[in-house]
Amino acid sequence: MKLYGGIEAGGTKFVCAVGTGPDDIRAETRFPTTTPAETIQRVIQFFREQPEPVTAVGIGSFGPVDPDPSSPTYGHITSTPKAGWRDTPVRDMVAEALGVPVAFDTDVNAAALGEHRWGAAQDVDSFIYLTVGTGIGGGCMVEGKLLHGLTHPELGHILIPREPHDRFPGICPYHGGCLEGLASGPAIKARWGNQAESLPPDHPAWLLEAHYLAAALASFICTLSPQRIILGGGVMQQAHLFPLIRQEVPQLLNGYIQSPAILSDIDRYIVPPGLGNRSGVLGAIALAQQLDAEV
């Protein structure tokens with residue numbers, strides 16, 4: 001049986017795994033994201049230590065990245081605000097060290113692929129995977145294909161209407177009060193002075209958080225018409241957010257989108273990941289399998 005490697009390259013931590021799917025993970029490790037040289041060396045060491053070689057590796061990376069295989073900077077992290085990682089050729093570093101084909105995409109596109117293959121999007125072919133955590137990012141699948149274009153979707157950096165009473169400037173170094181700047185985990189901490197997980201369910205933070213996320217989802221529904229929306233990431237571990245968001249999205253759409261999925265079945269329309277916190281690394285394995293099938 002062919003084995004595949006998956007790398008979820010996150011801005012906070014890396015997760016590496018070897019296997020063929022959620023029921024067959026032979027080895028897995030995670031470690032903090034430090035410098036590019038140190039972090040990628042740990043990745044390489046993990047795969048070299050495995051008793052069986054992998055056929056191909058998939059990388060789902062934090063970004064922005066260059067996902068265009070025809071580009072000279074394909075597989076690079078580009079204009080990231082993360083110190084030391086700008087213009088890092090992540091894919092080339094792994095491919096040259098391991099000597100196997102390496103697929104590359106955004107971490108959220110990889111997670112979307114994983115959810116489509118094994119998780120909460122198996123029965124649809126056009127959907128969004130949105131992660132709300134250290135940052136906010138979104139992967140999109142349209143008619144069975146991951147969405148790319150000029151670069152890749154940047155769903156976390158859309159501008160959304162502010163609540164009139166909200167004077168928080170936002171934390172995004174590029175846009176201030178974009179969705180990520182207002183509603184990511186670090187934004188919650190900067191606004192309220194505490195980590196999201198330490199705030200009780202009745203804290204006013206959650207109504208505001210749900211409102212901003214619902215406003216973003218209403219825009220995505222109108223522009224991309226997804227058949228399902230999957231919400232993952234650390235902030236969405238607060239399960240009480242889901243009913244708040246599900247309640248507000250139809251209110252914001254105000255009956256304009258006449259679909260039973262929104263009008264009467266929204267609990268199955270806005271959902272958590274079927275793969276839990278392994279969507280990213282399993283999606284990276286799926287990227288590797290997809291590349292191997294194309295070769």
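Q: Which residue in β4 stands opposite Gly5?
A: Gly5 stands opposite Val57 in β4. Strands (E, at least two residues) and helices (H or I, at least four) are DSSP runs numbered from the N terminus. This is a predicted model in which local features need pLDDT of at least 70 and side-chain atom pairs pLDDT 80 or more, while totals for chains, interfaces and linings use all residues. Residues are numbered from 1 along each chain as its sequence is written, and side-chain values use heavy atoms, without hydrogens and water.

Q: In what sense do β1 and β4 pair?
A: Two strands pair if DSSP finds at least two bridges between them. Here β1 (residues 4-9) and β4 (residues 56-61) have 6 bridges and run parallel.

Q: What is the strand order of the open sheet?
A: Its 5 strands follow the order β3-β2-β1-β4-β5, and the pairing is mixed. β3 (24-32) and β5 (102-106) are the edge strands, each pairing on one side only. From one strand to the next, the twist averages 15 degrees; axes are lines fitted to C-alpha atoms, for helices over the stretch in contact, with angles from 0 to 180 degrees between N-to-C directions.

Q: Which strands does α3 lie across?
A: Helix α3 (residues 107-118) lies across β1, β2 (13-21), β4 and β5, at about 105 degrees to β5.

Q: How are two packed helices described?
A: By the angle and the distance between their axes. The axes of α1 (residues 36-48) and α2 (residues 90-98) come within 10 Å and cross at roughly 35 degrees.

How values were computed: Contact = heavy atoms within 4.5 Å.
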